[in-house]
Amino acid sequence: MRVLISGGAGYIGSHTAVLLAGAGHEVEIVDNLVNAKPTVLPRIEQLAGTTIPLHVLDLCDREATDALVAAGNYDAVIHFAGLKAVGESVERPLDYYDNNLNSTISLVRAMGAHGVRRLVFSSSATVYGDAAQPPLMEKLPTSATNPYGWTKVMIEQVLRDVAAADNSWRIALLRYFNPIGAHPSGDIGEDPQGIPNNLVPYIAQVAVGRREFLNVWGNDYPTADGTGERDYIHVMDLAAGHVAALEKLDEIGRPVNMWNLGTGKPASVLQVLAAFSAAVGRDLPYRVMARRPGDVPTSYADPHLAEIELDWRADRTLDQMCADTWRWQSQNPTGYPDA
Ligand SMILES: NC(=O)c1ccc[n+]([C@@H]2O[C@H](COP(=O)([O-])OP(=O)(O)OC[C@H]3O[C@@H](n4cnc5c(N)ncnc54)[C@H](O)[C@@H]3O)[C@@H](O)[C@H]2O)c1
């Protein structure tokens, strides 16, 4: 297939581009580089062993997006592009609703206009809100606790409505749990700008000396060691989930599908810290702080639907996730070079 990857210069998109090209698909990337650097491109191409064109444009620009899709002759789109920082979305809600909703509407309009009706969308476990009890299953109602999460809930609804109006669409709403890790080469990985919002990039920066210590937000949760538990999934397994979803969309034949991509096995903050320390070969410093408002004790997927329907499974271990993150971070202590 000829596949357009939106947001393909970012963390998950870059890994998916490598895997998809490796599986024999023709890949192009569109990204406005708001949260990525162009220096990722030669690395993606090297790992993929092929050329991958990068179109630098803002998907909110309807004319430019339409022109791209009109000329591209694509069979499918994987839509990663979006803003993703929860805290920032609380401070700047309009930027999040504007960017995430309008880029999606512009892209889906262009796809509809030019006969491209296979779409894989980056949703998130955040659409389960904070009230549901894990393991979280696809049939649960959706909700959110912050503007970022609402953009995912709303985009899912927009896409369900699009598929209801025209049942020739084949759409996958992939609900990711907590992606971490990096390509095993250490050449590409997660490169957060500013203070990392997520646990593992933060620990990785402690390990290379860019941060002093890890803040552990609460150790009095009703979990095995008192710290919060999440379902961490290796980004290469996550990327493979996209390839599987794309390749199964036609065979499954439903206009719209929701699939969790997770391992179903939660790990605590202290377990992740121990696994990362083992990868680095020394104990990493941390301090226990008060709980953060809004954090739930435990969240993990019921991954069975994706396992059965996509014949896919996330089986890389937490140790692999930490070892691969560490390889990337130690080889690239300050992330990708500037252009
Ligand atoms: N990383 C996670 O923990 C996680 C979890 C669940 C869901 N997701 C979702 O997966 C997707 C990819 O996440 P990621 O971690 O790779 O993020 P990322 O920020 O690394 O990648 C997103 C890319 O989209 C680009 N982009 C943003 N707005 C754009 C626009 N208007 N036009 C063109 N490009 C635009 C950015 O420059 C960036 O390269 C996002 O939609 C995110 O919400 C991520």
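Trainee: What ground rules apply here?
Mentor: It's a predicted model, so local features need pLDDT of at least 70 and side-chain atom pairs pLDDT 80 or more, while totals for chains, interfaces and linings use all residues. Residues are numbered from 1 along each chain as its sequence is written, and side-chain values use heavy atoms, leaving out hydrogens and water.

Trainee: Are helix 5 and helix 6 roughly parallel or roughly antiparallel to each other?
Mentor: Take helix 5 (residues 93-113) and helix 6 (residues 147-165): they pack at about 20 degrees, axes 9 Å apart. Axes are lines fitted to C-alpha atoms over the stretch in contact, and angles run from 0 to 180 degrees between N-to-C directions. Angles under 35 degrees count as roughly parallel. Helix 5 and helix 6 are therefore roughly parallel.

Trainee: And how does helix 1 sit against helix 8, roughly perpendicular or oblique?
Mentor: Helix 1 (residues 11-22) packs on helix 8 (residues 235-252) at about 60 degrees, with axes 9 Å apart. That makes the helix 1 to helix 8 arrangement oblique.

Trainee: Which residue has a side-chain N or O atom 2.6 Å from a ligand oxygen?
Mentor: Among the 27 residues around the ligand (a heavy atom within 4 Å), those coming nearest are Asp31, Asn35, Lys84, Asn99 and Tyr148. On the backbone side, Ile12 puts an N or O atom 2.8 Å from a ligand oxygen, and a polar backbone atom of Gly10 is 3.4 Å from one. The side chain at 2.6 Å belongs to Tyr148.

Key
Helices (H or I, at least four residues) and strands (E, at least two) are DSSP runs, numbered from the N terminus. Angles under 35 degrees count as roughly parallel, over 145 as roughly antiparallel, 65 to 115 as roughly perpendicular and the rest as oblique. A polar contact is a pair of N or O atoms within 3.5 Å; within protein, one must be able to donate a hydrogen and the other to accept it, and residues adjacent in sequence count only if both atoms are side-chain atoms.
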